[in-house]
Amino acid sequence: APDRVFRPSMDASAGPPAPEPRDHWTQGMAPRSTKDIAVKEVREMDPSKTSIYVQGVLVRDGMAPAADAGGAAPIDGNGLNDLLKWSIANSSGADLTALRERVARGEYDPFAYREHLDAMLGEPDLARMRTQLKIIVDDASEPDARARALEEIEFLAESIDNANDLLKIGGLKTVIDCLGQRDAVVAKAAAAVLATCTQNNPTCQTAALAANLVHTLLAAMLGDDNHQKALCASCLYALSAAVRGHAQSARVLVDAGGVTLLARLAHTADDKSRRRALFLVATLAHEAEGVAQALREADELASGAVLAALEHGDTEMQAQALSVIYNTLQGDAVSAAERMACRGWWVARGVTSALQDLAQRLLQRLSNGDKTEDDDPAVPLRIVKILTLLDSAEPLGAPPAPPAPPSEPVDSDASRMGSGSPSSA
């Protein structure tokens, strides 16, 4: 390469062009001219020379000699229209009729073609799920192999299309059956697959309900042995995904006594399971009818779980407990009569004093500068709102009466949180 770059002058009488300053942009670069660059013609290969592979198996060798006279004629042309004409010319009406009859008799699986197409296009997700399902149902498979297969399916099912395809190839029932295995690793992996498939997917939620998933998950969490305890958090995750936003599944859970079981888990399980149980109860109290009444019927079991969560040092658990109380008083699915009943029940179970104690602890921490990243700034406001609802003489859900102007400026939130009784604010 030259050390300097020269540009030709437009004026022939100007003499030879002056060299440009040498710098790091031009040093070592070729002259800025394309007249010496050879442009070669690009030609597409004849489609008849294309080789086709299906799952790594060569089914058509494009470099093989041309077919005999009795076979298909070579493609005449290079365009897609030529390929279409060749396909029509070499299609047999009798073969298509026979295929249609096989489909009508149930002897042909249309997903087999989809599987081969996916393999050719480089997206064999359906084929991969079929392979993993074979590993799961194979009696010779070790638990670790089954767990890895379920993890692969969970990864693929993150796509809603793949999750729905899993239903069509019968994979949902296979995964649900894994919940009953005594190996906790396999059962946890199955619960993770079910959670991924059903979350925000009404098609899978409906199919899971028909496959009795809600009852299966509730049964998996019954008992106090180590196996049930190990599965509790995973099953709660799957149950939450299966019923949230799906009214029919929520109704089945309530009718099966699931609210009472959730209240027990929120009181006696490990911290992770307690948080998930409280979150699900709070969500259902807002979305599903009958949940607030089921909590009142569980009585001390439900109120005890909420009170214990309020006294717990875990800020997330406290926030979920506050959501349970608030949604039973203001949830969309709670009638006005049920809201009044819940208000009296919470007051009778000592929730008012528990909320005031929690407010005092929060204020003490803030005054001492002990605020942490886990602290939820919405918790103090939620406490004030709940105390206001519990102390209100108006029917819950009715428009609030306009407040009387105070005689002097008062910080009502701080007054409420620091008071010893709900009426002192």
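This tour moves through the structure one selection at a time and says what is found at each stop.

**Before selecting anything**

The model is predicted, so local features are given only at pLDDT of at least 70 and side-chain atom pairs only at pLDDT 80 or more, while totals for chains, interfaces and linings use all residues. Residues are numbered from 1 along each chain as its sequence is written, and side-chain values use heavy atoms, with hydrogens and water left out.

**The whole protein**

With everything displayed, the protein shows 21 helices and two strands, where helices (H or I, at least four residues) and strands (E, at least two) are DSSP runs numbered from the N terminus. Of its 425 residues, 36% count as buried; buried means under 20% relative accessible area, exposed over 50%, and partly exposed in between, with a 1.4 Å probe and protein chains only. Among contacts with a separation of 6 or more, 68% are between residues 24 or more positions apart, a contact being heavy atoms within 4.5 Å.

**Helices α4 and α5**

Select residues 125–137 for α4 and residues 143–156 for α5. Their axes are 9 Å apart and the helices pack at an angle of about 155°; axes are lines fitted to C-alpha atoms, for helices over the stretch in contact, and angles run from 0 to 180 degrees between N-to-C directions. The two helices are therefore roughly antiparallel, on a scale where angles under 35 degrees count as roughly parallel, over 145 as roughly antiparallel, 65 to 115 as roughly perpendicular and the rest as oblique. The crossing of α4 and α5 is left-handed, that is, the near helix is turned anticlockwise from the far one by less than a right angle, whereas clockwise would be right-handed.

To display the contact, show side chains including Met 129, Leu 133 and Ile 136 in α4, and Ala 149, Ile 153 and Leu 156 in α5. The residues of this contact divide into 10 nonpolar, one polar and four charged, where Ala, Val, Leu, Ile, Met, Phe, Trp, Tyr, Cys and Pro count as nonpolar, Asp, Glu, Lys and Arg as charged, and the others, Gly among them, as polar.

Which residue meets Arg 128 in a salt bridge? The partner is Glu 152, with an N to O distance of 2.4 Å; a salt bridge is a side-chain nitrogen of Lys or Arg within 4 Å of a carboxyl oxygen of Asp or Glu. Because Arg 128 lies in α4 and Glu 152 in α5, the pair ties together parts that are 24 residues apart in sequence. Arg 128 is partly exposed at 30% relative accessible area, and Glu 152 is also partly exposed, at 23%.

**Other salt bridges**

The count of salt bridges comes to 10. For one of them, select Asp 271 and Arg 274, whose side chains meet at 3.9 Å, N to O. These residues are three apart in helix α14 (residues 271–287), and are thus separated by about one helical turn. Asp 271 is partly exposed at 32% relative accessibility, whereas Arg 274 is buried at 9%.

Next, select Asp 299 and Arg 349, which form a salt bridge with their closest N and O atoms 2.9 Å apart. This pair links distant parts of the chain, 50 residues apart, with Asp 299 in the loop between α15 and α16 and Arg 349 in the loop between α18 and α19. Asp 299 has a positive phi of about 50° although it is not a glycine, and is partly exposed at 25%; Arg 349 is partly exposed at 29%.

**Helices α11 and α12**

Move to residues 226–243 and 247–255, where the axes of α11 and α12 come within 7 Å and cross at roughly 130°. That angle makes α11 oblique to α12. Leu 239, Ala 242 and Val 243 in α11 meet Ser 249, Ala 250 and Leu 253 in α12, a contact with five nonpolar, one polar and no charged residues.

**Last selections**

Asn 212, in the loop between α9 and α10, is not a glycine and yet has a positive phi of about 65°. In helix α6 (residues 160–168), the buried residues are Asn 162, Ala 163, Asn 164, Asp 165 and Leu 166, and the helix is followed by Gly 170, with a positive phi near 75°.
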